[in-house]
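Hi,

Here is the structure I promised to pass on.

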Amino acid sequence: MRFAQEISELDQEFQRIKSDSHFFDSHAITSSAGARERAAAHRSACYVWLAAILERITKNSLQAAFREINARALPLKEIRLSLFSLICEPEISALSAKSRAKSWETRASIFGKAFVDSPAELAEEVLPLDGKTIRPEHFDVIWQVLGLSGESLPSPRHRFALTDLANGRNELAHGETGVVAFGRKKANSDLIRLVQHIDETTVHFLTSLDYYLDNFGFRRQ
């Protein structure tokens with residue numbers, strides 16, 4: 001399993017968050033108001049940390065997958081068609097700046113690439129993401145663009161957890177709610193459950209990506 005180390009490191013990070021959360025929560029029950037505020041602030045910080053972890057592992061694993069696909073030097077005529085949305089991203093983006101009359105040459109060039117012998121090359125900086133906080137829809141797009149098999153998320157519960165994480169992270173990052181006030185709205189049990197769902201989401205993504213690479217899912221059928 002090519003992502004075994006990443007999964008192991010993620011598990012350690014998630015376990016540390018759970019352990020710290022239990023520590024803060026247990027001390028807040030019988031301690032001062034200050035201790036309860038620190039526990040609430042910790043729960044808020046966990047939303048930011050989890051979102052950052054999810055973004056990092058998603059980007060890094062996609063880039064690792066692209067490097068492996070590039071190393072295969074597969075001809076463009078054998079590459080899965082949906083991957084041309086990444087391969088031809090510069091040309092596709094350039095179309096918006098051209099008049100209709102001047103765009104036909106670019107359009108023809110884009111479609112012509114699907115049948116040439118030149119090796120496929122996926123740019124690591126061109127990812128099927130939009131730079132925003134990771135949400136369920138991002139995994140839907142990744143599944144569609146790469147052509148991964150199975151469902152993009154393990155269950156509807158994981159979809160809800162990702163939405164909750166993104167909304168909470170953005171609420172904190174944009175200063176809409178203070179860290180203590182936000183943390184007070186979340187029970188420790190809610191946070192532990194959220195961590196578990198994000199853990200399961202990352203494992204599902206990495207194992208799906210590993211299967212995709214093992215079985216040449218990037219090759220045109």
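Alanine 73 lies in the loop that links helix H2 (33-72) to helix H3 (84-87); helices here are DSSP runs of H or I with at least four residues, numbered from the N terminus. Its phi is positive, about 50°, although alanine 73 is not a glycine. Most residues other than glycine have a negative phi. Because its relative accessibility is 43%, alanine 73 counts as partly exposed (buried is under 20% relative accessible area, exposed over 50%, partly exposed in between, with a 1.4 Å probe and protein chains only).

A word on the source: this is a predicted model, where local features need pLDDT of at least 70, side-chain atom pairs count only at pLDDT 80 or more, and totals for chains, interfaces and linings use all residues. Residues are numbered from 1 along each chain as its sequence is written, and side-chain values use heavy atoms, leaving out hydrogens and water.

Phenylalanine 216, in the segment after helix H9 (188-214), also has a positive phi, near 50°. At 28% relative accessibility, phenylalanine 216 is partly exposed.

Serine 152 sits in the loop between helix H6 (136-146) and helix H7 (156-173), and at 9% relative accessibility it counts as buried. Leaving aside residues up to four places away in sequence, serine 152 touches Phe139, Asp140, Trp143, Arg159 and His204 (contact means heavy atoms within 4.5 Å).

Finally, Ser103, Thr106 and Ile110 are buried in H5, and the buried residues of H5 pack against helix H4 (89-95).

Best wishes

Methods
Helices (H or I, at least four residues) and strands (E, at least two) are DSSP runs, numbered from the N terminus.
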